[in-house]
Amino acid sequence: MKKQPPHKQIRAIEAEIARLQNSLPNLELKEFEATCERINQLEIKIVQLLHPIELEKKLPTYKILKKW
């Protein structure tokens, strides 16, 4: 598959989101939840395309100590 420019990818994702949103009223609860989750994932992908991270560094992890 040929890699598309970000603006074309965003348009395609937005079209997919619109299609999924139009199908929401006709779905059962379980399908509705899965479709909402898919819409959220697509919206996150749009944000990632608009704001790419140039240097992906591993985030630091901290150990939390609790005194009981």
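Modeller: Gladly, and keep in mind throughout that this is a predicted model.

Colleague: Okay, and at what angle do α1 and α2 pack?

Modeller: Helix α1, which covers residues 6–23, packs against helix α2, residues 29–50, at an angle of about 160°, and their axes are 10 Å apart. Angles over 145 degrees count as roughly antiparallel, and α1 and α2 are therefore roughly antiparallel to each other.

Colleague: Which residues of α1 meet α2 there?

Modeller: From α1 the residues are Gln9, Ile10, Ile13, Glu14, Glu16, Ile17, Leu20, Gln21 and Ser23, and on the α2 side they meet Thr35, Arg38, Ile39, Leu42, Glu43, Lys45, Ile46, Leu49 and Leu50. Sorted by class, this contact of α1 with α2 holds nine nonpolar, four polar and five charged residues.

Colleague: What's in the largest nonpolar core?

Modeller: That core has eight residues, namely Ile10, Ile13, Ile17, Leu20, Leu24, Ile39, Leu42 and Ile46. The elements that give two or more residues to this core are α1 and α2, and α1 gives the most, with four residues.

Colleague: Take Ile46, then: what does it touch?

Modeller: If residues up to four places away in sequence are not counted, Ile46 touches Ile10, Ile13, Glu14 and Ile17.

Colleague: Switching topic, is Thr35 buried or exposed?

Modeller: Thr35, which is found in helix α2, has a relative accessible area of 12%, and because buried means under 20%, Thr35 counts as buried. Once its neighbours within four places in sequence are left aside, Thr35 is in contact with Leu20, Ser23, Leu24 and Leu27.

Colleague: And how far is Thr35 from Gln21?

Modeller: Their C-alpha atoms are separated by 8.2 Å, while along the chain Thr35 and Gln21 are 14 residues apart.

Colleague: Last one: where is His7 found, and how accessible is His7?

Modeller: His7 is found in helix α1, and at 46% relative accessibility it counts as partly exposed. From C-alpha to C-alpha, His7 and Ile46 are 9.5 Å apart in space, although 39 residues separate their positions in sequence.

Terms used: Residues numbered from 1 in each chain as written. Predicted model: local features only at pLDDT ≥ 70, side-chain atom pairs only at ≥ 80, totals over all residues. Heavy atoms only, no water. Axes fitted to C-alpha atoms, helices over the stretch in contact; angles between N-to-C directions. Parallel < 35°, antiparallel > 145°, perpendicular 65-115°, else oblique. Contact = heavy atoms within 4.5 Å. Nonpolar A, V, L, I, M, F, W, Y, C, P; charged D, E, K, R; others polar. Core = buried A, V, L, I, M, F, W, Y, C linked by side-chain atoms within 4.5 Å. Buried < 20%, exposed > 50% of the residue type's maximum accessible area, 1.4 Å probe, protein only.
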